[in-house]
Amino acid sequence: MGYTSENLAEIAIDTPQTLAEPSVRIKNLDLNFGSVKVLQNLNLDVGKGEFLVLLGSSGCGKSTLLNCIAGLLDVSGGQIFINGKNVTWSEPSERGIGMVFQSYALYPQMTVEGNLSFGLKNARIPKEEIAKRVARAAEILQIEPLLKRKPSALSGGQRQRVAIGRALVRDVDVFLFDEPLSNLDAKLRADLRVEIKRLHNQLDNTMIYVTHDQVEAMTLADRIAIMKGGKIQQLAAPGEIYNRPVNKYVAGFIGSPSMNFLQGNIQTGDTDVFLSGDVSIPLAGYAFDGLGRSPGKAWLGIRPEHILTGAEAEAAPFNTQAVIEIVEPMGSDTLVWTQLAGERIRIRMDGQSDVREGDTITIGFHAERVSLFDEATENRI
Amino acid sequence: MAIAEIQGQSTEDVRPPVRLFRNLNAKIASIPMIMTAVFVFIGCTVWTIVHSFTKSRLLPKLDFVGLDQYERLWGTRRWLVSIENLAIYGICSLVLSLVIGFTLAALLDRKIRFENTFRTILLYPFALSFIVTGLVWQWILNPDFGIQSVVRGWGWESFTFDPLYNPDIVIFGILIAGIWQGSGFIMVVMLAGLRGIDEEIWKAARVDGIPTWKTYIFVVIPMMRPVFVTALVLITSGIVKVYDLVVAQTSGGPGIASEVPAKYVYDKMFQAQNLGQGFAASTMMLLSVVIILIPWAYLEFGGKKRG
């Protein structure tokens with residue numbers, strides 16, 4: 001079957017997490033900015049305690065969707081439910097959500113403690129209760145020594161912890177993260193990523209997390225929703241998205257370095273083959289079942305890490321000789337550029353391999369590692 | 001070594017260049033401004049202060065009389081009225097300009113339609129000179145042609161609104177014109193400050209459930225401190241030098257009810273041929289500015305260093 005954005009609602013219901021009562025349910029959501037349709041008829045269910053990542057390049061509508069869930073944008077149509085309650089037109093503070101922003105958005109003139117307690121004080125929560133919640137959040141996030149400091153005296157990582165703390169003290173079931181790590185440097189980002197994962201394991205809240213970083217998405221998510229042009233392209237567990245991308249966009253988006261694509265024809269018969277230029281790739285053992293139905297023009301995708309070299313390649317059903325054009329050593333891996341059927345492709349090799357530009361090597365791969373996409377619709381075959 | 005020689009560098013150890021000649025162009029270019037500052041600002045100020053202790057009349061003369069000019073100044077009713085008027089005008093104008101300017105800016109910042117139109121309308125008075133503003137408001141407040149006569153024309157015969165002809169409230173008539181002209185500019189300064197506030201701060205406050213007015217007071221205004229300082233300096237300098245507005249609206253009248261210090265200085269120096277008295281008055285004005293300025297400058301720039 002073809003996984004397209006049209007029948008995603010079915011897929012969402014198939015997924016086990018959503019069989020229980022969903023924590024956040026979005027029904028037929030539309031959002032227009034003037035005449036620009038940013039989100040169109042979007043459906044999404046997020047299970048209780050699930051970590052859902054909205055992933056996509058900038059302008060795909062992922063932050064817009066998050067802002068709709070938070071109530072910071074008025075929707076043009078459709079309904080939003082949080083914990084079974086229709087909150088489509090509720091104020092953000094009444095929705096039972098906490099939110100963490102990219103720029104931290106701390107109140108700069110208040111101490112950390114003030115930042116954590118300002119919203120609670122305003123909601124007229126008793127003093128002892130506020131103190132208890134602030135102490136708990138500070139303990140979980142290990143920011144106790146910072147409570148009396150102002151945000152300007154904190155590092156980026158500490159500021160983001162405080163921002164997470166501000167969501168934590170609200171004592172809500174749903175956490176929304178809007179690219180929380182994008183303003184941090186690489187090392188801090190990795191540290192805080194682990195921190196957020198630990199937090200999720202510890203609290204068991206529903207978390208919806210917007211990012212453009214696929215590493216964050218793959219490592220954190222229970223499920224990833226890949227968005228493009230205001231539509232969810234694929235909603236599935238990270239492994240599923242990596243192994244069975246529903247279309248060429250998703251296939252090229254996930255994975256770093258990204259997937260290699262060859263343009264050609266599928267020829268069915270006694271043995272199914274993919275023809276591209278003078279290269280013929282046998283498709284016996286292709287992992288998906290749509291082959292028989294759509295012979296014709298197609299894209300063949302193969303990830304750089306799934307292209308074998310040396311003895312392994314010689315044992316593979318498809319192999320050929322290739323001349324190395326460029327070698328990019330990256331320490332743990334070596335990225336090699338070469339040509340296959342007239343297309344420039346990347347191969348990920350062991351970091352210790354001592355290949356050089358101009359060398360001829362044997363490359364090959366198994367058909368079960370290959371993805372085929374219809375050339376016209378770009379959907380998986 | 002050959003390359004170094006081609007580039008005109010010596011391969012031997014060199015001494016650092018003379019400090020005085022570094023950035024020479026910039027130093028030469030700033031000479032006129034340095035001269036102006038030294039001779040006009042500092043020089044003339046000192047000269048004025050020195051001559052305020054003399055009995056100069058039509059021409060400056062170094063004929064010292066000690067504090068006589070100051071004793072006379074503080075014994076003059078006109079000066080006392082001027083100081084009182086300046087205090088009332090100053091406090092009201094400062095508070096109202098800030099409040100009105102910020103409120104207008106906050107209203108414009110709520111993503112309204114026709115923002116540019118409103119901004120232009122509100123800023124327009126600032127493009128007028130004080131003389132024009134003064135004359136316009138003199139007409140508007142004139143009992144025979146302005147608001148009072150219009151309201152009486154509607155049938156409310158006993159209506160009285162003649163601030164410029166009532167010595168008790170004449171300064172407020174001038175205040176109206178001053179606010180009308182100045183608050184648009186303060187609004188623009190405030191609007192620029194509001195635009196500098198991160199959108200996500202507003203979002204965070206909404207998620208926290210903070211009402212808009214509370215967000216302004218407890219979060220946004222504290223963040224806009226530098227903008228308020230700028231606005232404060234602009235308003236204060238406008239207050240101390242207020243002169244043309246008074247001349248155009250009332251010429252200090254009725255009687256001496258709307259006199260201000262700057263007008264006192266001008267009249268003594270150029271109308272009454274009493275330079276010594278004018279110098280003494282302007283020295284008092286300088287003194288009052290310094291008294292306000294120094295503690296503020298110390299708080300703002302001295303004390304602790306900001307990161």
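Guide: What follows begins with one glutamate, moves on to the salt bridges, and ends with a few strands and helical spans. The model is a predicted one.

Glu216(A) sits in helix α7 of chain A, which covers residues 214-220. The residue is buried and yet forms no salt bridge. The nearest side chain of opposite charge belongs to Arg189(A), at a distance of 4.6 Å. What Glu216(A) does have is a polar contact, side chain to side chain, with Thr211(A) at 2.9 Å. Leaving aside residues up to four places away in sequence, Glu216(A) touches Leu181(A), Arg189(A), Arg193(A), Tyr209(A), Thr211(A) and Ala221(A).

Elsewhere charged side chains do pair. Over all chains, the count comes to 23 salt bridges. One of them is formed by Lys148(A) and Glu113(A), whose closest N and O atoms are 2.5 Å apart. This pair links distant parts of the chain, 35 residues apart: Lys148(A) belongs to the loop between α4 (127-141) and α5 (156-168) of chain A, and Glu113(A) to helix α3 (residues 112-122). Lys148(A) is exposed, at 65% relative accessible area, while Glu113(A) is partly exposed, at 28%.

A further salt bridge in chain A joins the side chains of Arg344(A) and Glu325(A), with an N to O distance of 3.4 Å. Arg344(A) is in strand β19 (residues 343-350) and Glu325(A) in the loop between β16 (318-323) and β17 (326-329), so the bridge ties together parts 19 residues apart in sequence. Arg344(A) counts as exposed, with a relative accessible area of 52%; Glu325(A), at 31%, is partly exposed.

In chain B, Glu199(B) and Lys111(B) form a salt bridge with their closest N and O atoms 3.2 Å apart. The partners are 88 residues apart: Glu199(B) is in helix α10 (residues 199-208), and Lys111(B) is in the loop between α5 (77-108) and α6 (115-123) of chain B. Glu199(B) is partly exposed at 43% relative accessible area, and Lys111(B) is exposed at 68%. There is also a network in chain A, in which salt bridges with shared partners join Glu129(A), Lys132(A), Arg133(A) and Asp171(A).

Turning to the strands of chain A, β11 (residues 260-267) pairs antiparallel with β12 (residues 273-276) over 3 bridges. The two form a hairpin with 5 residues between them, and Ile266(A) has Phe274(A) as its bridge partner in β12(A). β12(A) is also joined by 4 bridges to β13 (residues 279-282), again running antiparallel. There Val273(A) stands opposite Pro282(A). The hairpin of β12(A) and β13(A) has 2 residues between the strands, and in it Gly277(A) takes a positive phi near 60 degrees.

For chain B, an unreviewed UniProt entry annotates several spans as "transmembrane region", including residues 120-140 and 279-299. In the model, residues 120-140 are 71% helix and 0% strand, with end C-alpha atoms 22 Å apart. Residues 279-299 are 100% helix and 0% strand, and their end C-alpha atoms lie 30 Å apart.

Technical notes
Residues are numbered from 1 along each chain as its sequence is written. Chains are lettered from A and ligands numbered from 1 in the order in which they are written. This is a predicted model: local features need pLDDT of at least 70, side-chain atom pairs count only at pLDDT 80 or more; totals for chains, interfaces and linings use all residues. Side-chain values use heavy atoms; hydrogens and water are left out. Buried means under 20% relative accessible area, exposed over 50%, partly exposed in between (1.4 Å probe, protein chains only). Lys and Arg count as positive and Asp and Glu as negative; His and the chain ends are not counted. A salt bridge is a side-chain nitrogen of Lys or Arg within 4 Å of a carboxyl oxygen of Asp or Glu. A polar contact is a pair of N or O atoms within 3.5 Å; within protein, one must be able to donate a hydrogen and the other to accept it, and residues adjacent in sequence count only if both atoms are side-chain atoms. Contact means heavy atoms within 4.5 Å. UniProt positions are given in the numbering used here, feature names are shortened, and annotations may be inferred rather than shown by experiment. Two strands pair if DSSP finds at least two bridges between them.
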